[in-house]
Each structure stands twice: as C-alpha cells, then as structure tokens.
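This report walks through one protein model for a reader who is new to structures. Please keep the sequence and the 3D view at hand while reading.

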Amino acid sequence: MDNGLSNYLELLDGFLGSDAVNDDAMSLSELDGYLAGMIVCPASVLPREWMGQVWGKGGLSLDSIEKVDAVNGLVMARYTAIISMLDQGGGYHPVYDVDAQENVVWPVWTGGFLRAMSLHQDTWHMFGETQSEDVQQAIFMMMRMCELGSMPEDELEPMDTDEQLISIAPDLIPQAVQLLFDAKRAQGTALPMSLDDTELKIGRNDPCPCGSGQKYKKCCLN
C-alpha cells in the first residue's frame, strides 16, 4: 500500500483489513478504482446503490448505526475528494498498492474500476458511441488495462499496444479518468454527492468524517 496516505485513508485502509468485514470486502486500492469508476460512469448512480458492494456479501459487522455512518462517511470522504480533484482538472492521484520492490501494483485499482463499469455496461457502450475519438480511446484503454490486470495471459488475445499500456498504466490511468470525467460533465450528467443525495452531503464547512474535529475543507478535502 502507498505509504503517503491521508489520515482518513489510513483509517479506512485499516478498517477494510479488520474483522469488521469479510475477506471479500474491497481493499483500499480496489475501492479507489471502484469509486473513480462510479464517478465517471455515464449514468447518474446514487451512492446507496453501490455502497453495499464495498463491504462484500457479509456487509458491515458493527454494533451501532453511528459506527456504520462513520465508516460510510470515510468512503464518502474519498468519493467527494476524487470529484474535487477531477473538478479542478488533472489532479487525481489514484491509491495504488506498492509491492516489496516499490513497484506500483496498478491491476488492483483497475479491478475496482472494472467492477464499477460492469454495473452499467450498456450505458458505457451507448456513451462511447456518442463521444469524441479521444474519449473513445480513453474508454478503450481503460477497458484493456482492466483486462490485462484481471485475465490470465493465455485467455487474452495479444494486442500490439499491450506492452506499452502495461509500462505506462500508472500514469495513464489518472489521465484517462480525467478525460472520462470531463466528458460526463460535458453531457450534463449529475454527480450524486452523498448517501441520500441531499441531507447527508459532506459540505465544505461540515466536520470532516475522518474524525479530526476540523472542517472538511480544512482537512481531507485539502
């Protein structure tokens, strides 16, 4: 895991690896790809529609609604932070796993992105047909990197671009996500920002869900 994590991401990473969730819960890097995939999805998807998949089949094993809300708040903090980075243009920094040799393990991230894409395959197909060549290429590259990261090599039909994609994937991913975000925004699709899209919205002046006691704009949104 990347050691340069914000405090709230360290808390979320620790929770995802705890006994409060089953083994099929997402890892932090997979969650980051999943959130990015939901954010750039051409459809407008409410967080309550996708949140359950984060925790796996067993769901959350916590003893109070307050704790459930707090943990979901950590997820939403990252969700809104990604939107904020993309809204500013070119500033999204994916959370990648890093192995013992300090190599970026980007397929974990693309595994999460693929899970998000698979929830709305038809929407993605229709969206791609209406977009510019640059956006279509970004969709193709993301789908191919998802395949390269998740499928056995003997099940893949080799492509001339595979070796280059693998070598530049960590840098290419945030660029492609930015292109897809800009295309979604250009078509006017809404970006739901909270679990109920209104009352639970994490405002800039609200207390940060990481528990620091600071306002969100002064803490994890920064």
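## A loop residue with a positive phi

Glu102 lies in the loop between strand 1 and strand 2, the latter covering residues 104-105, where strands are DSSP runs (E) of at least two residues and helices are DSSP runs (H or I) of at least four, both numbered from the N terminus. The model is a predicted one, in which local features need pLDDT of at least 70 and side-chain atom pairs count only at pLDDT 80 or more, while totals for chains, interfaces and linings use all residues. Residues are numbered from 1 along each chain as its sequence is written, and side-chain values use heavy atoms, with hydrogens and water left out.

The phi of Glu102 is near 65°, which is a positive value in a residue other than glycine. Most residues other than glycine have a negative phi. Glu102 is also exposed, with a relative accessible area of 62%; here exposed means over 50% relative accessible area, buried means under 20%, and partly exposed is in between, with a 1.4 Å probe and protein chains only.

## The protein as a whole

The protein has eight helices and two strands, and from the N terminus on these elements follow the order α-α-α-α-β-β-α-α-α-α. Of the 222 residues in the protein, 46% are buried. The protein exposes about 11500 Å², of which carbon and sulfur atoms supply 48%, as computed by the Shrake-Rupley method with a 1.4 Å probe, where for residues only the protein chains shown count as cover.

A contact means heavy atoms within 4.5 Å. Among contacts between residues at least 6 apart in sequence, 69% join residues at least 24 apart.

## Helix 4 and its partners

Two packed helices are described by the angle between their axes and the distance between the axes. The axes are lines fitted to C-alpha atoms, for helices over the stretch in contact, and the angles run from 0 to 180 degrees between N-to-C directions. Helix 1 (residues 7-16) and helix 4 pack at an angle of about 130°, with their axes 10 Å apart. That angle makes helix 1 oblique to helix 4, since angles under 35 degrees count as roughly parallel, over 145 as roughly antiparallel, 65 to 115 as roughly perpendicular and the rest as oblique. On the helix 1 side, Tyr8, Leu9, Leu11, Leu12 and Phe15 meet Val71, Leu74, Val75, Ala77, Arg78 and Ala81 of helix 4. The residues of this contact divide into ten nonpolar, no polar and one charged, where Ala, Val, Leu, Ile, Met, Phe, Trp, Tyr, Cys and Pro count as nonpolar, Asp, Glu, Lys and Arg as charged, and the others, Gly among them, as polar.

Helix 2 (residues 28-40) packs with helix 4 (residues 65-88) at an angle of about 55°, with their axes 10 Å apart, and that makes helix 2 oblique to helix 4. In this contact Leu31, Asp32, Leu35, Ala36 and Ile39 of helix 2 meet Val75, Arg78, Tyr79, Ile82, Ile83 and Leu86 of helix 4. By class, the contact of helix 2 with helix 4 has nine nonpolar, no polar and two charged residues.

## Helix 2 against helix 5

The axes of helix 2 and helix 5 (residues 106-118) come within 6 Å and cross at roughly 40°, and the two helices are therefore oblique to each other. Helix 2 contributes Ser29, Glu30, Asp32, Gly33, Tyr34, Ala36, Gly37, Met38 and Val40, while helix 5 contributes Val108, Trp109, Gly111, Gly112, Phe113, Arg115 and Ala116. The residues of this contact divide into eight nonpolar, five polar and three charged.

Glu30, which lies in helix 2, is buried, with a relative accessible area of 17%. Not counting residues up to four places away in sequence, Glu30 touches Val108, Gly111, Gly112 and Arg115.

## Two pairs apart in sequence

Gly89 lies in the loop between helix 4 and strand 1 (97-98) and is partly exposed, with a relative accessible area of 45%. The C-alpha atoms of Gly89 and Gln175 are separated by 9.7 Å, although these residues are 86 residues apart along the chain.

Asp134 lies in helix 7 (residues 133-150) and counts as partly exposed at 49% relative accessibility. Asp134 and Leu180 are 46 residues apart in sequence, and their C-alpha atoms are 9.5 Å apart in space.
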